[in-house]
Amino acid sequence: LKKQATQAKIAKEVAAAAKVAEAKVASDLVTFKANAKKYEEEYKAADQALIDNRRKAKADGGFYVPPQPKVALVIRILGTIGVSPKAKKVMRLFRLRQLHNATFVRLNEATIRMLRLIEPYVTYGYPTRQTIEKLVYKRGFAKLNKQRIPIADNSVIQEGLGEYGINCTADLIHEIVTVGPSFKQANNFLWPFKLNNPKGGFSSKTKMLHYLEGGEAGARAEEINKFVKKML
């Protein structure tokens with residue numbers, strides 16, 4: 001009888017815990033949907049403001065200079081042979097340990113200098129919101145307890161970034177796109193993206209050349225988005 005009573009008590013506690021978990025999932029889903037909608041409106045307003053400013057500048061006979069990009073996407077396109085120790089150190093800092101690894105880098109004076117130092121071995125540019133979304137959804141893996149975990153659902157994000165108010169994919173993407181206050185934590189939570197060799201491959205003649213000279217390496221501004229499409 002005592003054993004039955006204990007089992008009944010355990011079963012009751014399990015059922016109660018399951019009910020609480022179910023309620024939390026439902027309430028979280030409402031919050032996540034509301035957040036996604038809020039961010040969508042924010043992005044639309046920003047896009048519209050950009051169009052309005054361009055039109056106004058044109059009407060006034062001037063030019064509109066958009067704000068400087070805050071984030072870059074850096075892709076490693078060369079292996080380890082012939083890489084200088086200084087460049088190796090920078091690539092380790094940017095977590096570009098393997099060929100075709102890609103990571104986000106917050107742009108400031110120091111990181112721009114570092115990017116120039118590793119230009120022969122990487123290509124980089126300014127990712128659009130759509131590119132960031134595609135990378136997270138298609139190639140996004142989380143770093144939890146030093147392990148590479150697929151972002152199968154929002155609970156993975158909650159576990160890794162919940163303390164920073166980042167609880168779902170929409171929150172994570174928003175933090176990267178806007179370079180928010182927890183950008184560093186959000187970026188480090190994302191395991192470096194593993195991309196494919198670009199469709200059509202690289203030309204051995206031009207791979208080592210700078211992008212501006214018809215090659216692949218170095219800064220390619222907004223053109224990075226077309227390049228990523230080939231590697232997804």
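Before I come to the helix, a definition: axes here are lines fitted to C-alpha atoms, for helices over the stretch in contact, with angles running from 0 to 180 degrees between N-to-C directions, and contact means heavy atoms within 4.5 Å. This is a predicted model, in which local features need pLDDT of at least 70 and side-chain atom pairs count only at pLDDT 80 or more, while totals for chains, interfaces and linings use all residues. Residues are numbered from 1 along each chain as its sequence is written, and side-chain values use heavy atoms, with hydrogens and water left out.

Helices (H or I, at least four residues) and strands (E, at least two) are DSSP runs numbered from the N terminus, and two strands pair if DSSP finds at least two bridges between them. On that basis, helix α8, residues 224–231, lies across β1 (71–76) and β3, running at about 45° to β1.

The sheet itself is open, with five strands in the order β6-β2-β1-β3-β7 and mixed pairing. Strands β6 (193–194) and β7 (218–219) stand at the edges with a single partner strand each, so one side of each is left without a neighbour in the sheet. Strand β3, residues 122–125, pairs with β7 in the parallel sense over two bridges, and T123 has G218 as its bridge partner in β7.

Turning to strand β2 (residues 101–106), N101 has its place there and counts as buried at 5% relative accessibility, where buried means under 20% relative accessible area, exposed over 50% and partly exposed in between, with a 1.4 Å probe and protein chains only.
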